[in-house]
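I opened this model to look up its sheets, its helix packing and its nonpolar cores. The entries follow in the order in which I made them.

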Amino acid sequence: MALEFRYSDKNPLHPISCGAFRAMHTRIEILLTGLKESVGRSLVERIEHEMKIMERRFNCHDERSPLAAINLRAAREAVEVDDDMFMALELCEAFRRTTCGAFDVATDTALQGQVSYVLDPLRHTVRFAREGVRLDMGGFAKGYALEKIRQMALQEGVATALMNFGNSSVAALGHHPYGEWWSVGVEHTVQRGQLAHEVHLKDSAMSVSGRSTDGRYHIVNPATGGTVAAEELILVEGRSALITEVLSTALYAAPRAQRSAIMSHYEGYSATEIYCRAGGGVERREIGK
Amino acid sequence: MNRKEFLSDCSRMGFAGVALSLFPWLESCTEKAQKEVSGERARIGIIGTGSRGLFHVQHLLQMPNVDVVALCDNYRPHLEDAAQYYPQAKLYDDYRRLLEDRNVQGVIITTPLYLHARMTIDALRAGKRVFCEKSMAFTLDEALDVYNCRKEVGGVLLIGQQRLFDPKYIKAMQMIHEGVIGDVVGVRNYWYRNNNWRREVPSPELERHINWRLYSEYSRGLMTELACHQLQNGSWAMGMLPEQVMGSGHLVHWTNEDERDVYDTVSAIFTYPNGVNMTFESIISNKHFGMGEQILGTKGTIDLVTAMHYTDEAAPKGSGMDQLIAQIESGIMSNSVFAGTSWAAETATLAPGMPIMPNVKVVSGESSVGAEADGSKELLEAFIHAVITGKQPEKVLEESYYATQFALLADMAMHENRILRLDDKYKVPYEPLRSK
């Protein structure tokens, strides 16, 4: 899918630049306000370019990607990686520890719950603890990408923007030009088109995890290597799109009894279990409250 | 909403300039028209100071260029109610004496339906500029007499069809005329309440005087009191008049309250020359669905009451962003449904309705007196402007005329259990309110 770019100055107080493109197996949409058309277009093009780079970097299925190189060699030797990749792996390790292992980019069904890779901060290397380990950073990349988009928009002086990553992660800069926040609805999983929950974003982000819209279970439980078959949605709100993305994935994968303990590590973030009932009803339970 | 806010809304919606060519009766709302009457005042008499009369008083009190100089009602308590607001006004119990008052330039007639035609004609012939509540008249012949009288004397006559002055209807009709919902293929109107429609009566002999709406001697019931407002929707949207009407009416529930003989349950179908039907249904013993007015098109629907636009077309991918863009372009904010679990191409979100303009005030239709922000104030302002200038606003009288005629015709169709067409003798020149 080619880059779609639209510009509207119908409302001269708030001209809109809107870009959409495919990356990381999903659709990314960006709405920016207050920019001239040329500036908006240029920014959206640069964001798309950056996303393509990031897609290659974190795509473990692309044999040319740095991640593929790690997966190929790191069981036998320490593999040196660049700063960005090292920082990403450090973050992933921090998330693994603070989510009781519910978020783990290492897939290794042979030895569950054990450290799968070791990072050397002095040499910027990564080495797997044993054969059979593979890194899949798909669950990390989405939130990381949204953070990157947010930074790029801020650097361009954008104060009001909304960024939608495949509908499951949304980040906001500022608030809706005609409201105190950006109002984002979470769709009912049974009664399509109906609202199950409403989120107000203001310089914040949200992420939803659950079955995909075509009904598949797709989130992997690091403890078992199998997909998680929970019916509820997990919604996480907070400052960082990266953390909300990681947390919603981790909480969905984690046993229900463990979810509150995970949330206790994350101040300023809230998480909700949303149960969409067949008749259209909705039950919500705030995690950790 | 005051005139300035009204114009500001029009401007923000991008239809200030266009509106005057599409809706010329709004000309009095423009700054230019206001400057034309700057410093001038209208001297007004009110005939009928019951609940609807007092409703207008509340708006008149907010208008700096109005002097209410005369009040008339043959029911003393109502007259005294109104006199509290205007202690300097002359009081009359016979409208003919008020019409002789040379100090009165314009009259507002808010009396029972059966009096509308006689009072309007007398007022026009007395040289007064006239605002009369809807419906225009009690019979088809009377409505024609009123229309012809206005034409003969050349005065000002406005009828209380306030939707013509309600910004959300104006915006909606502009969208419909621009083809936003495709070809109009249906018009639905309904008005449900759950009350006996009675006013308290201090003494039994005043029953028919106060509860005139319930008796066919004075009123045509739901058709002239409610339907008349909504029947203009089809003509306004499609730019043509119905060809025939059929209907059914019965007194179903409120049979033990009094000796009323107007229907409490009515359904009518108006068929246009192109085969499109407009329906009107009213029941006053169930209020669940309230008041509704919907224009149905091949591409979507506009709900006039809530000022919402619903598209029938498949929601495009990223429709949440599309909604947001439309909101910001229009200077509004509402919900966006686009979050959920991971995106899959085959499950694009359904498009929820979009408000057609900001700050919409939705009127429930429950009150039988009137509601704020339903165009009544703007209509009254247009009348005051016309009183000062002596200029009849364009097109609006014909629209009111036909709304009355088709309300009356439907009532006849129900009573006679026949399909009826408006006789040619009742047809007056009609220029559609639509413009492409």
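I take strands (E, at least two residues) and helices (H or I, at least four) as DSSP runs, numbered from the N terminus. I call two strands paired if DSSP finds at least two bridges between them. The model is predicted, and I kept to its limits: local features need pLDDT of at least 70, side-chain atom pairs count only at pLDDT 80 or more, and totals for chains, interfaces and linings use all residues. Residues are numbered from 1 along each chain as its sequence is written, while chains are lettered from A and ligands numbered from 1 in the order in which they are written.

Entry: hairpin in chain B. I found strand 12 (residues 300–303) of chain B paired with strand 13 (residues 308–311) of chain B in the antiparallel sense, over 4 bridges. B:Asp303 has B:Met308 in strand 13 of chain B as its bridge partner. The hairpin has 4 residues between the strands, and B:Ala307 takes a positive phi near 55 degrees.

Entry: chain A overall. I noted 6 helices and 16 strands in chain A. Of its 289 residues, 44% count as buried, that is, with 20 or more other C-beta atoms, placed from the backbone, within 10 Å of their own.

Entry: sheet of chain A. I traced an open, antiparallel sheet of 9 strands in the order 1-2-3-9-10-13-14-15-16. Strand 1 (4–8) and strand 16 (282–286) of chain A each have a single partner strand, so one side of each is left without a neighbour in the sheet. Neighbouring strands are turned by 15 degrees against each other on average, direction ignored; axes are lines fitted to C-alpha atoms, for helices over the stretch in contact, and angles run from 0 to 180 degrees between N-to-C directions. Within this chain, strand 9 (residues 161–165) and strand 10 (residues 169–173) of chain A pair over 5 bridges in the antiparallel sense, and A:Met163 stands opposite A:Ala171 in strand 10 of chain A.

Entry: helices on the strands. Helix 1 (residues 37–58) of chain A lies across strand 1, strand 2 and strand 3 of chain A, at about 20 degrees to strand 2 of chain A. Helix 4 (residues 138–155) of chain A lies across strand 3, strand 9, strand 10 and strand 13 of chain A, at about 20 degrees to strand 10 of chain A.

Entry: sheet of chain B. Here I read 6 strands in an open parallel sheet, ordered 3-2-1-4-5-6. Strand 3 (90–92) and strand 6 (157–159) of chain B stand at the edges. Strand 5 (residues 129–132) of chain B runs parallel to strand 6 of chain B and is joined to strand 6 by 3 bridges; B:Phe131 stands opposite B:Leu158.

Entry: core. A nonpolar core is a set of buried Ala, Val, Leu, Ile, Met, Phe, Trp, Tyr and Cys residues joined through C-beta atoms within 7 Å. The largest has 108 residues, of which B:Leu158 and B:Ala410 touch the most other members. Helix 15 (residues 396–416) of chain B gives the most to this core, with 12 residues. Apart from it lies another core, of 85 residues, among them A:Met85 and B:Ile328.

Entry: helix crossing. The axes of helix 4 (residues 51–60) and helix 14 (residues 376–389) of chain B come within 10 Å and cross at roughly 75 degrees.

Technical notes:
Contact = placed C-beta atoms within 7 Å. Buried ≥ 20, exposed ≤ 12 C-beta atoms within 10 Å, placed from the backbone.
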